[in-house]
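Student: Could we go through this structure together? I would like to begin with a single residue and then move on to the larger elements.

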Amino acid sequence: YYQRELAKDIPNVGLKNNGHAHLAYGVLQKAYTNENFKPDCWLVNFGLHMINSHHNKLPAYGEWVEKFIAYAKEKNVKLIFVNTTPYQQSFRPKQNLTIIKFNDLMKNAAEKANVPVIDLHACTLEAVKELGDKNVYMDGVHFHDEVRKRQAAYIAERVREIVK
């Protein structure tokens, strides 16, 4: 299921930017009220929106990670986390250190719960190493089309490996 399908099947789901855990969690709760919503797997990335809103609130972020892990277990669904990409180094270099802390928290919680984490952070850094910052980022945060395609292929391949 993707947002478009949810909006079609559950018009009152009230989809917003799911870059924040509480919004995505609310959408999931509403989605489960529809008998057609029976996913085998959730692919979850809180992303930079979530980290920005929880800047220096690592415990609160960790609570959301744990909440998603518990809800996936309750719903008997395979949970896969995707960690967060870095900013362009020249855009917000200090915040990249914060992103690493948040990604480490997710990784540690996921490992304890046997939840796989797709390392999109490393994938993006590999693109930066190969192509250079200016050819990866459009504005310090968002990516050029070629990089988005590369990231999508990376995620798809990892998901195939995980769910096989």
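Student: Where does Q88 sit?

Tutor: This is a predicted model. In it, Q88 lies in the loop between β2 and α5 (93-113).

Student: Is Q88 buried or exposed?

Tutor: Q88 is buried, since its relative accessible area is 12%, and the cut-off for buried is under 20%.

Student: Which residues does Q88 touch?

Tutor: Leaving aside residues up to four places away in sequence, Q88 touches N96, D133, Y137 and G140.

Student: Now the sheet. In what order do the strands run?

Tutor: The order is β1-β2-β3, three strands that form an open sheet with parallel pairing. The edge strands are β1 and β3 (117-118), each of which pairs on one side only.

Student: Which helix packs on that sheet, and which strands does it touch?

Tutor: Helix α4, residues 58-75, packs there and touches β1 and β2. The direction of α4 makes about 155° with that of β2.

Student: How many bridges link β1 and β2?

Tutor: Strand β1 (residues 41-44) and strand β2 (residues 78-82) pair over four bridges, in the parallel sense.

Student: Which residues of β1 are on its covered face?

Tutor: W42 and V44 form the covered face of β1, whereas C41 and L43 form the uncovered one. In a regular strand, side chains alternate between the two faces of the sheet.

Student: Changing topic, at what angle do α6 and α8 cross?

Tutor: The axes of α6 (residues 120-131) and α8 (residues 145-163) cross at roughly 140° and come within 10 Å. The two helices are therefore oblique to each other, as only angles over 145 degrees count as roughly antiparallel. The crossing of α6 and α8 is right-handed.

Student: Which residues make the contact?

Tutor: From α6, the contact uses L120, C123, T124, A127, E130 and L131. From α8, the residues are E146, V147, R150, Q151, Y154 and I155.

Student: And how many of them are nonpolar, polar or charged?

Tutor: The contact of α6 with α8 has seven nonpolar residues, two polar ones and three charged ones.

Definitions and conventions: Residues are numbered from 1 along each chain as its sequence is written. This is a predicted model: local features need pLDDT of at least 70, side-chain atom pairs count only at pLDDT 80 or more; totals for chains, interfaces and linings use all residues. Side-chain values use heavy atoms; hydrogens and water are left out. Axes are lines fitted to C-alpha atoms, for helices over the stretch in contact, and angles run from 0 to 180 degrees between N-to-C directions. Angles under 35 degrees count as roughly parallel, over 145 as roughly antiparallel, 65 to 115 as roughly perpendicular and the rest as oblique. A crossing is left-handed if the near helix is turned anticlockwise from the far one by less than a right angle, and right-handed if clockwise. Contact means heavy atoms within 4.5 Å. Ala, Val, Leu, Ile, Met, Phe, Trp, Tyr, Cys and Pro count as nonpolar, Asp, Glu, Lys and Arg as charged, and the others, Gly among them, as polar. Buried means under 20% relative accessible area, exposed over 50%, partly exposed in between (1.4 Å probe, protein chains only). Two strands pair if DSSP finds at least two bridges between them.
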